[in-house]
Amino acid sequence: MANGEKRLSMLHLILFFIFAAVCIGGAINLLVQKHPINSALSLIVVMGSLALLYLLLGAEFVAAVQVIVYAGAVMVLFVFTIMLLNAGAEERTAKGSRVAIMLGVPGLIIGLGIVAAVVSRMTGLDRIAIGGPSGAEAFGAPRPLAHLLFRDFLLPFEVTSILILIAIMGAVVLARREE
Amino acid sequence: MVPLSYYLILSAVLFACGVAGFLIKRNIITIFMSIELMLNAVNLTFVAFAAQLKQLDGQVFVFFVMVVAAAEAAVGLAIIISVFRTRETLNVDRVNLLKL
């Protein structure tokens, strides 16, 4: 029994490392690529592997919504805009970039130093393990989430529907061609 | 079992990639995609803490973040289209005036 649980948690760890590597690789590819359509496709890879990480965490509904809304709807919107505007490879403008390098490189070093300091101090967090084999099932299933969303968070839910309505109208008004 | 800190480190790395893309990219669409990457990194933190604390509130927040991100993407891309119509460029260095 204990042996099986141990093997399952080992599998969790291996899957986490695979999808985390895919995630980080996609994010770095987004930075490196010059053409926006390649960046968009690598962002889809990041979102897909994030959905799989959500599944590892037991958040089934969030994983499904991540694939449908993010990797589906939002990225289709991005790809359509790139194709509609016929966006080509990025052109370099030297003037702004020099300031960015002068300020960005020290900023990056300081930021990495802070992250390294926090990580090296974070020994207590290492003992907290999540996504365990027991109790993870049906934790983020649609039914308990719907209970929470439509009972405790009903007012924010309705407000978001108004927000979406305003966003639709705003998008239509902004993208309309001037007569 | 995966330690919580691994998820937080992954989220921090993704967020840092988003910030770097926001700063170094000159194409307005790629900058917009970097913002989406940052939102996704924050979502991963929400879900990781929801799983750790065994409370679903974090996942509900992820839902709201997704709604806001979708609205933001729709309006932002509409603004990008309208900027491209008047200026014929997607380079943010060439879009430095509010008025044409």
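I started with two helices, H6 (residues 154-175) of chain A and H3 (residues 57-87) of chain B, which pack at an angle of about 10 degrees with their axes 8 Å apart. Axes here are lines fitted to C-alpha atoms, for helices over the stretch in contact, and angles run from 0 to 180 degrees between N-to-C directions. Helices (H or I, at least four residues) and strands (E, at least two) are DSSP runs, numbered from the N terminus. The angle makes H6(A) roughly parallel to H3(B), a term for angles under 35 degrees.

I noted that this is a predicted model, where local features need pLDDT of at least 70, side-chain atom pairs count only at pLDDT 80 or more, and totals for chains, interfaces and linings use all residues. Residues are numbered from 1 along each chain as its sequence is written, and chains are lettered from A and ligands numbered from 1 in the order in which they are written.

Next I looked up which residues meet. Those in H6(A) include Leu163(A), Ile164(A) and Ala167(A), and those in H3(B) include Phe64(B), Val67(B) and Ala71(B). Contact means that C-beta atoms, placed from the backbone, lie within 7 Å. By class, this helix contact has 16 nonpolar, three polar and no charged residues. Ala, Val, Leu, Ile, Met, Phe, Trp, Tyr, Cys and Pro count as nonpolar, Asp, Glu, Lys and Arg as charged, and the others, Gly among them, as polar.

Then I took the chains as a whole: the contact uses 67 residues from chain A and 54 from chain B. H3(B) gives the largest share of chain B's side, 20 residues. That side divides into 42 nonpolar, nine polar and three charged residues.

Methods:
Angles under 35 degrees count as roughly parallel, over 145 as roughly antiparallel, 65 to 115 as roughly perpendicular and the rest as oblique. Two residues are in contact if their C-beta atoms, placed from the backbone, lie within 7 Å.
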